[in-house]
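Work through the exercises below on charged side-chain pairs. Each task is followed by a solution in steps.

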Amino acid sequence: PLSRILPLSLLLLLLVPGPATPCPPQPNATRFVCTEPTLSTFPTGLPPTTLAISVEFTAMSTLLPTALAGLPQLEELHLSSNRLATLPEPLLHPVPTLRVLDLTGNLLADLPDGIFNATGHLQHLVLRGNRLRALQPSWFRHLPQLQWLDLATNALAEVPPEVFLPLSSLRSLDLSHNRLTTLAPGALAGLGALERLDLEGNRLGTLPTTTFAPVPALRLLFLQGNQLQALPAGLFLPLRHLLLLDLAGNRLQALELPPSPGLDLDISGNPWACECPLLALLRRASPRLTATRDTLCASPMHRQGQEVAAVSRAGDTGC
């Protein structure tokens, strides 16, 4: 009879397991990885032995202030390619041993003032591919061990003077693909240990003469894909250890070079004026030119379209 069938069907429904929790934590594990696209909340119940967490490519849009509580040994936190638009200020307070934080590819337009107040051991900070519009000095006040800072592909229109002043250990700074039109004097103040600076793909039209005075240890400098029309005399004078300078794809007609020997130099895609100042400089400094086929004279008329390297090597330039 129907009265017996119904209770049995209800019983079967109760016995069918519900949807499993995505990425259940394992007891005593040191590494937790979850890339489940349906995950919307940060996993709970992670063991206190956890050293590294990767929660990436999920639908997670918020984090509770206590999300990392009970994880006193955490050293790496990878939260790239989620939907995080804000972070709670106390988020990192329970993890003072954190060394690596990767927030690539989220929706962050700002960060709380005190977000890094308790993370004095942080060495790698990646904020690439967010929506940051302004840099706050408070973010960097308590990061004396930071070595790698990636701010590429945001919406930064300026670098405030001395904003990086506390970052005395920083080796690499990536500001590429933002909206910078210039660098204020003192923008790089405090970065005495910096070796790599990437400013590619901004809107830089000019740079103050003293821009690179605070970064004498610089070895790699990327300025390609900007709107530079002229370089002030002495701009690169402090950079005696520079190994690579990329000026490709700007609007330069005349060149300034650092006093470093054995320089790798890309000056392709600029409208060079192949006259005595440029030709004599290239002969004297003899950098290793890359992309020579795309490094062409735009003027004077009789040299238009010729390779700069070939013209500078020729003995009949009259310079």
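Buried means under 20% relative accessible area, exposed over 50%, and partly exposed in between (1.4 Å probe, protein chains only). The model is predicted: local features need pLDDT of at least 70, side-chain atom pairs count only at pLDDT 80 or more, and totals for chains, interfaces and linings use all residues. Residues are numbered from 1 along each chain as its sequence is written, and side-chain values use heavy atoms, with hydrogens and water left out.

**Exercise 1.** Classify the two partners of the salt bridge between Arg 196 and Asp 198.

Solution.
- A salt bridge requires a side-chain nitrogen of Lys or Arg within 4 Å of a carboxyl oxygen of Asp or Glu; here the N to O distance is 3.7 Å.
- Arg 196 has a relative accessible area of 23%, so Arg 196 is partly exposed.
- Asp 198, at 7%, is buried.

**Exercise 2.** Find which parts of the chain are tied together by Arg 99 and Glu 75.

Solution.
- The two side chains form a salt bridge at 3.1 Å, N to O.
- Arg 99 lies in the loop between strands E3 (76-78) and E4 (100-102), and Glu 75 in the loop between E2 (52-55) and E3, so the pair ties together parts 24 residues apart in sequence. Strands (E, at least two residues) are DSSP runs, numbered from the N terminus.
- Both are partly exposed: Arg 99 at 27%, Glu 75 at 29%.

**Exercise 3.** Locate the partners of the salt bridge between Arg 288 and Asp 264.

Solution.
- Their closest N and O atoms are 2.8 Å apart.
- Arg 288 is in strand E13 (residues 288-289) and Asp 264 in strand E11 (residues 264-266), 24 residues apart.
- Asp 264 is partly exposed at 26%.

Notes
Helices (H or I, at least four residues) and strands (E, at least two) are DSSP runs, numbered from the N terminus.
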